[in-house]
Structure formats: C-alpha cells, structure tokens
Amino acid sequence: MLGWYPGHMNKARRQIQEALPEIDVAIEVLDARLPYSSANPMLAGLTRHKPVLKILSRADLADPERTREWVEHFDSLPNTRALAVTTTNARELKRIPKLCHELAGQVRADRDVRVMVMGIPNVGKSTLINGLAGKAIAKTGNEPAVTKRQQKVRIQGRVALIDTPGVLWPKIEDQASAYRLAATGAIRDTAIDYVDVGVVTAAELARRYPESLKARYKLTELPPYAANPQAEQVEADGPQRIDLLAVAGFDGHAILTEIASRRGGLRPGGEVDLHRGAEVLLHELRDGKLGRLTLETPADIPVPADDEEAIGEAANNDSGNADTSA
C-alpha cells in the first residue's frame with residue numbers, strides 16, 4: 001500500500017469541490033498506458049453527477065488495440081465519452097470542444113460551456129490545455145505536481161476551461177496500481193524504491209509484452225517465477241500483500257539483473273547494480289523505447305468486495321437450484 005498526499009493536493013480537492021456546481025462537463029485526463037490506475041477514485045466521487053469526457057493521453061505510447069478496448073469500455077458507461085489523443089497533436093485535439101458541447105447538452109447561448117480539466121499528476125493536463133489554447137498558458141514539466149493552482153482558459157468553440165492541480169488520493173490501496181503509477185512516473189521517483197518498482201515492472205512486462213522486452217535488452221529467455229519460502233515467511237510476519245511476481249509468473253529480479261549487467265550495471269568483481277538496471281528499464285519504458293505498451297486492460301479492473309460476495313452468493317444459489325431440480 002502506498003500513501004502520498006502533499007498538503008497542496010488536499011487544498012486542490014477543496015477547490016475542485018467548490019467549483020463543480022458551476023461546471024457543465026468534467027474532463028478527466030488519464031494515461032492511456034494505465035487508464036484504470038491513473039483514474040483518481042476521489043474524482044469519480046466528486047463528478048458522479050456530471051457528464052465526463054475521459055481523455056486518454058499519451059496514446060502514441062500505448063498499445064493501439066488495448067486503447068480501443070479502453071475507449072469502448074468508457075463509452076459504455078453512462079454519461080461518459082472517451083477520446084484517445086496525443087496531447088501535442090493539435091489535429092487530434094480539435095474534437096474535444098465538440099464532444100464537450102454534446103455532453104453538456106443545452107447551454108445558454110450567451111455563455112461558454114464550462115469545463116473542468118482534472119487528473120492525477122503528470123498525465124498531461126497542462127500539455128492538453130496548451131494544445132487546445134494553441135499557445136503556452138499552463139505550465140508543463142516532466143515531473144508530477146507542476147500545476148499548483150486553478151487556471152482559467154477560454155478556447156475556441158465556446159468552451160471555457162478550468163485547469164486544476166494534479167490530485168492523488170491519500171492511500172493507493174491497489175498494490176498493482178501503485179507499481180504501475182510509479183513505473184510511468186506519476187509518483188515522484190524520490191518517493192519510490194527504484195529497484196522494487198523495477199523488479200515488479202520487469203515481471204509485468206514479461207507477462208504482457210515478452211517479445212518487446214527480449215528484443216530491447218537482447219534477452220534469450222524470461223525466467224519463470226519461483227517462490228522463495230523465506231520471503232513468504234517474512235511476508236507472513238507482516239502485513240499480507242499480493243505477490244505480484246507470482247501473479248505475473250516471471251522472475252522480475254532475474255530479468256532486472258540481466259538488464260543491469262547488459263546496460264552498464266556490472267561492477268568489478270561481478271557485482272550487479274540493480275538500481276542501474278531499474279533506471280534503464282523505467283526511463284526507457286517512459287520514453288517509449290520498448291514500443292507501444294499498455295500495462296492494464298479493462299479485465300484488470302478489480303471487482304469490488306461486495307460485488308464478489310454477490311457473485312459468490314449467486315453462484316451458490318444457482319448451484320443449489322440445480323441440485324434441487326436434479
């Protein structure tokens with residue numbers, strides 16, 4: 001479980017809540033490589049009575065087929081539309097004002113459609129606004145939490161945008177999501193264990209994109225996961241956590257060791273610098289050098305606990321009914 005909630009984010013949450021009554025449409029900017037993990041559940045709660053346009057940014061870095069699956073998933077939700085874009089591509093952004101008008105419905109002729117742009121840090125909100133405005137208005141950067149306050153911008157197509165600071169939630173309960181966010185840079189590198197994230201990411205890439213991983217780092221094989229009884233014993237003594245390497249089915253530690261040894265992480269005496277390997281893997285993943293990759297699909301969305309219970313009860317009832325009829 002990862003907790004990270006700077007003070008300015010709590011202030012941003014209050015500002016969003018205060019401004020929402022005057023808003024016609026909410027734009028939530030998501031990272032197309034992880035549309036579920038980059039969606040702040042707190043924002044979903046705040047905007048549940050507003051039409052929402054999901055912008056899947058960095059579509060040029062994401063797997064096109066997986067992106068199509070995500071757009072279809074979001075379009076199937078009530079009062080929701082989705083659009084995958086590269087936020088620096090002005091042509092792709094031209095559809096956004098029209099979609100905002102369609103979602104807003106009837107708006108007085110003498111005013112713009114009011115749209116609030118929100119999302120977690122480092123998903124491209126400010127780049128999107130600059131692209132829509134056709135000039136540099138919102139500050140951008142390659143690290144999280146660049147925007148510190150709300151900014152209002154009027155763009156063509158009778159749309160008024162309100163940019164908001166990126167907001168993470170107090171505790172990221174989903175362990176897999178926390179690692180995906182860290183891998184793509186949504187969480188400051190100073191707040192994560194580079195090697196830990198690198199190991200999990202290597203295993204996950206081996207599961208989803210084995211050929212891309214092998215080709216990039218000239219790996220002949222991707223070693224399967226083998227349980228470490230001692231590690232399991234340590235886990236049993238502390239908080240129970242999902243073994244993400246077991247879920248992926250690959251030995252991320254061994255893969256990262258190979259990457260490090262091939263990319264300047266082999267020290268005198270044969271010692272391997274895993275931190276170097278993690279730096280190489282994470283930076284190249286973020287830069288798109290491993291190809292167009294997506295780290296999750298709609299099938300990876302966890303089923304809420306109460307839904308799991310309902311599914312279980314339904315299965316039991318069906319089983320019971322079948323026995324009775326027999």
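## Arg 58 and its surroundings

Arg 58 touches Asp 31, Ala 32, Arg 33, Val 85, Asn 122, Val 123 and Gly 124, not counting residues up to four places away in sequence; contact means heavy atoms within 4.5 Å. Arg 58 lies in the loop between strand 3 (52–57) and helix 3 (64–75). Helices (H or I, at least four residues) and strands (E, at least two) are DSSP runs, numbered from the N terminus. The C-alpha atoms of Arg 58 and Val 123 are separated by 8.1 Å, and the two are 65 residues apart along the chain.

This is a predicted model, in which local features need pLDDT of at least 70 and side-chain atom pairs count only at pLDDT 80 or more, while totals for chains, interfaces and linings use all residues. Residues are numbered from 1 along each chain as its sequence is written, and side-chain values use heavy atoms, with hydrogens and water left out.

## The chain overall

The protein chain has 14 helices and eight strands. Of its 326 residues, 46% are buried; buried means under 20% relative accessible area, exposed over 50%, and partly exposed in between (1.4 Å probe, protein chains only). Among contacts with a separation of 6 or more, 73% are between residues 24 or more positions apart.

The accessible surface comes to about 16500 Å², and carbon and sulfur atoms account for 49% of it. Accessible areas come from the Shrake-Rupley method with a 1.4 Å probe; for residues, only the protein chains shown count as cover.

Asn 122, one of the residues touched by Arg 58, is found in the loop between strand 5 (113–118) and helix 6 (125–133). Its relative accessible area is 18%, so Asn 122 is buried. The side chain of Asn 122 reaches the backbone oxygen of Gly 185 at 3.0 Å. This is a polar contact, defined as a pair of N or O atoms within 3.5 Å; within protein, one must be able to donate a hydrogen and the other to accept it, and residues adjacent in sequence count only if both atoms are side-chain atoms.

Thr 80 is found in strand 4 (residues 80–84) and counts as buried because its relative accessibility is 11%. Its side chain reaches the backbone oxygen of Pro 78 at 2.9 Å. Leaving aside neighbours within four places in sequence, Thr 80 is in contact with Val 52, Lys 54, Phe 74 and Asp 75.

In helix 7 (residues 175–184), 10 of 10 residues are buried, including Tyr 179, Arg 180 and Thr 184. Asp 174 caps the N-terminal end: one of its side-chain oxygens lies 3.0 Å from the backbone nitrogen of Ala 176. Gly 185 follows helix 7 and has a positive phi, near 90°.

Leu 295 is in the loop between helix 13 and helix 14 (305–325) and is buried, with a relative accessible area of 4%. Leaving aside neighbours within four places in sequence, Leu 295 is in contact with Arg 33, Arg 180, Thr 184, Glu 204, Leu 205 and Arg 208.

## Helices 12 and 13

Helix 12 (residues 252–262) packs against helix 13 (residues 274–286) at an angle of about 90°, with axes 8 Å apart. The two are therefore roughly perpendicular.

Definitions and conventions:
Axes fitted to C-alpha atoms, helices over the stretch in contact; angles between N-to-C directions. Parallel < 35°, antiparallel > 145°, perpendicular 65-115°, else oblique.
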